[in-house]
Amino acid sequence: MILALIEHDRGEVNPASLELLTFGRKLAGSMGTSLHALVIAGPKSLAEEAAAYGAEVVHMAAHEQLEDYAPEAWARTLTQLMDAEKPEVVMAAGTDRGNEVLAHTAAMKDLPLATNCTEVRVGEAFEVTRVRWGGSLLEDARLLGEPRLLTLAPFSTAAERLPDPPEPTLRSFAPTLSERDLRVRMKERLPIRTEGVSLTDAPVVVSGGRGVGSAEGFAVLEELAGLLGGAVGASRVATNNGWRPHADQVGQTGSKVAPELYIACGISGAIQHWVGCKNSKHILVINTDPEAPIVAKADYAVIGDLHEVLPAVCAEIRRRRGT
Amino acid sequence: MNILVCVKRVPETGARIVLTEDGQRIDTRYLGFTVSPHEECAVEEAVRQIEKHGGQSTVLTLGPPEAVEQLRAAMSIGIDSAILLETDGEEWPPMPTAEAIVEAIRQQAEAGNTFDLLLFGNESADAGGYQVGVRVAQALDLPCVTGIKALEIRDGVAVVRREAGGFWEVFEVPLPAVLTIKEGINVPRYPSLPGRLRAKKKPVLEIKVGTRAGGLQKIRLRTPEEEASQVQILGEGPEAAPKVVDLLEELGLIPS
Ligand SMILES: Cc1cc2nc3c(=O)[nH]c(=O)nc-3n(C[C@H](O)[C@H](O)[C@H](O)COP(=O)(O)OP(=O)(O)OC[C@H]3O[C@@H](n4cnc5c(N)ncnc54)[C@H](O)[C@@H]3O)c2cc1C
Ligand SMILES: Nc1ncnc2c1ncn2[C@@H]1O[C@H](COP(=O)(O)O)[C@@H](O)[C@H]1O
């Protein structure tokens with residue numbers, strides 16, 4: 001049996017879990033086994049959702065002290081269900097929470113864990129392909145342990161809803177939790193205040209790097225983003241220099257964005273930046289150096305000083321609009 | 001306050017990653033080395049907390065002898081001392097890495113050096129296992145919060161925040177505790193020249209640990225296939241502006 005942990009936030013399923021179920025359904029098929037799901041402290045609607053994406057049995061875990069997310073308590077619940085059901089594979093989505101819960105689970109059970117896998121091959125050995133370096137390298141590895149513990153890299157599998165979802169078989173599960181399992185619990189949750197369009201939702205991202213030269217230099221990027229209803233992004237050099245807040249950073253240790261158009265101004269295209277913007281539909285580069293690595297990887301480029309090119313672009317937009 | 005920060009030496013890759021022929025590692029002949037930005041921020045956070053609350057800080061790495069370079073870099077911005085768990089250069093999987101770190105922490109405790117706070121990166125830059133910090137916390141039976149972007153210590157309690165889908169999640173954990181840090185918690189300072197000179201004189205405890213395998217066994221590394229792109233040069237300098245705006249119109253990106 002394969003056991004998939006369903007991630008939800010106060011009852012709302014994380015889309016990465018639907019990808020996980022689709023992946024799990026296919027893996028179960030190839031291993032000739034069944035797919036079960038675990039929902040911790042969630043509503044019955046989640047079980048229906050899990051069944052619609054391929055879970056044959058859904059374990060509904062409930063405990064009076066478990067209302068909100070609590071990493072160790074979730075992991076303890078999972079290990080207790082593992083003890084009872086003896087799955088061959090246990091998996092979660094490779095999200096912050098998914099990786100956190102499985103890391104605790106692995107540590108509690110003294111088992112290895114392969115995070116952010118994109119593929120599993122089951123033959124004589126259990127082999128996985130996982131992403132490293134934030135997505136710029138792949139690793140083929142052998143994974144040991146009983147059960148095998150892994151997380152699935154988000155966006156590596158497309159979620160497929162079954163055309164005729166069956167009624168899920170529900171099983172309730174009551175974990176035994178100690179005070180220790182509940183020592184790390186969310187105290188409160190506060191909205192993050194953001195102005196304008198967010199980086200990850202914007203149709204256009206105008207990003208600046210070292211070539212922008214200063215915090216003030218970003219005014220012209222702000223102006224273009226404003227005209228296009230977009231957001232301003234930055235390379236790590238720009239955030240490290242304090243020109244932009246870290247929330248604007250695109251890349252391996254910043255946000256991953258996929259807008260209609262990504263405009264990279266004064267950015268060279270280091271691999272750690274590239275992994276954050278490469279999924280954009282179109283990429284336009286403005287760089288003084290025609291040899292900058294990002295130029296060859298982009299769809300469009302203007303060779304020139306961003307402080308000359310961007311004002312001219314803004315002026316041209318205004319001229320055509322007649323404003 | 002006594003703080004330990006764990007960092008991992010990784011190559012500083014450029015625009016393209018080149019692998020060795022056997023696919024076992026990154027070809028580092030022409031590369032410098034660094035640590036993950038999350039870990040740089042963890043180092044900076046340790047220095048700031050000690051500046052605020054007093055006490056001392058230690059940086060630890062498990063890696064080849066050359067990793068002393070990353071330890072000195074941390075000491076040059078204010079970390080007091082270092083521990084090098086010296087390997088023969090092979091990369092260790094997360095399980096034995098955590099075990100070796102736990103052993104070193106226990107040895108320190110026996111020698112009278114107990115840590116109130118253990119800081120890790122949320123994930124290492126190269127392996128991205130998302131687990132060494134959590135494993136250390138479980139082995140030492142300490143509370144652990146991952147992905148921290150704000151930390152305040154009040155009366156022996158760490159009040160921490162992390163981001164989750166448009167919200168700040170706030171947690172409170174009593175010390176001692178393990179926290180894994182994300183970039184953005186602070187902006188790390190640059191080392192000063194006197195800082196670098198002082199770092200050369202700070203103590204580094206070297207402990208040989210050899211090699212150890214774990215249950216995640218690397219077979220090979222590969223570079224993912226990149227879709228070939230044909231760049232279209234729209235022009236040079238400000239004269240290219242009309243072409244750029246044509247493109248924006250074509251893509252339907254100019255709001256009317
Ligand atoms: C583990 C790790 C994680 C990292 N994570 C990230 C990350 O999340 N995001 C990230 O961005 N980086 C990240 N980095 C850093 C990354 O490796 C690069 O150092 C960084 O992306 C370079 O930023 P840049 O392109 O702005 O600067 P540079 O590489 O210095 O490039 C500046 C570019 O600007 C051009 N230029 C200069 N003046 C002008 C001008 N007037 N007009 C137009 N063009 C001009 C130059 O030709 C050059 O191409 C990470 C590094 C490591 C080791
Ligand atoms: N070899 C190592 N030496 C010291 N610390 C390490 C090592 N490997 C991982 N870590 C720490 O554990 C964190 C998580 O690593 P990982 O589980 O590989 O993503 C890193 O950010 C480091 O803080």
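The following is a conversation about two ligands and their surroundings in a predicted model.

Biologist: Where does ligand 1 lie?

Modeller: Ligand 1 lies between chains A and B. Around ligand 1 there are 29 residues, and the closest include A:Arg210, A:Ser235 and A:Gln272.

Biologist: What makes A:Arg210 a polar contact of ligand 1?

Modeller: A polar side-chain atom of A:Arg210 is 2.5 Å from an oxygen atom of ligand 1. The cut-off for a pair of N or O atoms is 3.5 Å, so this pair counts as a polar contact. A nitrogen atom of ligand 1 also lies 2.8 Å from a polar backbone atom of A:Val250, and a nitrogen atom of ligand 1 is 3.0 Å from a side-chain N or O atom of A:Asp305. On its own, ligand 1 has 990 Å² of accessible area, and the protein covers 84% of this.

Biologist: Which elements of chain A supply at least two residues each to the shell around ligand 1?

Modeller: They are helix 6 (236-240), helix 7 (271-277) and strand 16 (282-287). By class, that shell has 16 polar, nine nonpolar and four charged residues.

Biologist: Why is B:Thr13 called buried?

Modeller: The relative accessible area of B:Thr13 is 7%. Buried means under 20%, so B:Thr13 is buried. In chain B, this residue is found in the loop between strand 2 (10-11) and strand 3 (33-34).

Biologist: How do you know that the side chains of B:Thr13 and A:Gln272 are joined by a polar contact?

Modeller: The contact between these two side chains is 2.9 Å. The limit is 3.5 Å, so the distance falls within it.

Biologist: Which residues are closest to ligand 2?

Modeller: They are B:Cys6, B:Glu39, B:Leu62, B:Ser124 and B:Tyr130, and 18 residues surround ligand 2.

Biologist: What makes B:Glu39 and B:Ser124 polar contacts of ligand 2?

Modeller: From an oxygen atom of ligand 2, a polar side-chain atom of B:Glu39 lies 2.5 Å away. For B:Ser124, a side-chain N or O atom is 2.7 Å from an oxygen atom of the ligand. Both pairs are within 3.5 Å, so both count as polar contacts. Ligand 2 taken alone exposes 480 Å², of which the protein buries 97%.

Biologist: Which element gives the largest share of the shell around ligand 2?

Modeller: Strand 4 of chain B does, with three residues. By class, this shell holds eight nonpolar, seven polar and three charged residues.

Terms used: Residues numbered from 1 in each chain as written. Chains lettered and ligands numbered in written order. Predicted model: local features only at pLDDT ≥ 70, side-chain atom pairs only at ≥ 80, totals over all residues. Heavy atoms only, no water. Near = heavy atom within 4 Å. Polar contact = N/O pair within 3.5 Å; in protein donor to acceptor, adjacent residues only side chain to side chain. Areas by Shrake-Rupley, 256 points an atom, 1.4 Å probe, with all protein chains shown as cover. Helix = DSSP H or I, 4+ residues; strand = E, 2+ residues; numbered from the N terminus. Nonpolar A, V, L, I, M, F, W, Y, C, P; charged D, E, K, R; others polar. Buried < 20%, exposed > 50% of the residue type's maximum accessible area, 1.4 Å probe, protein only.
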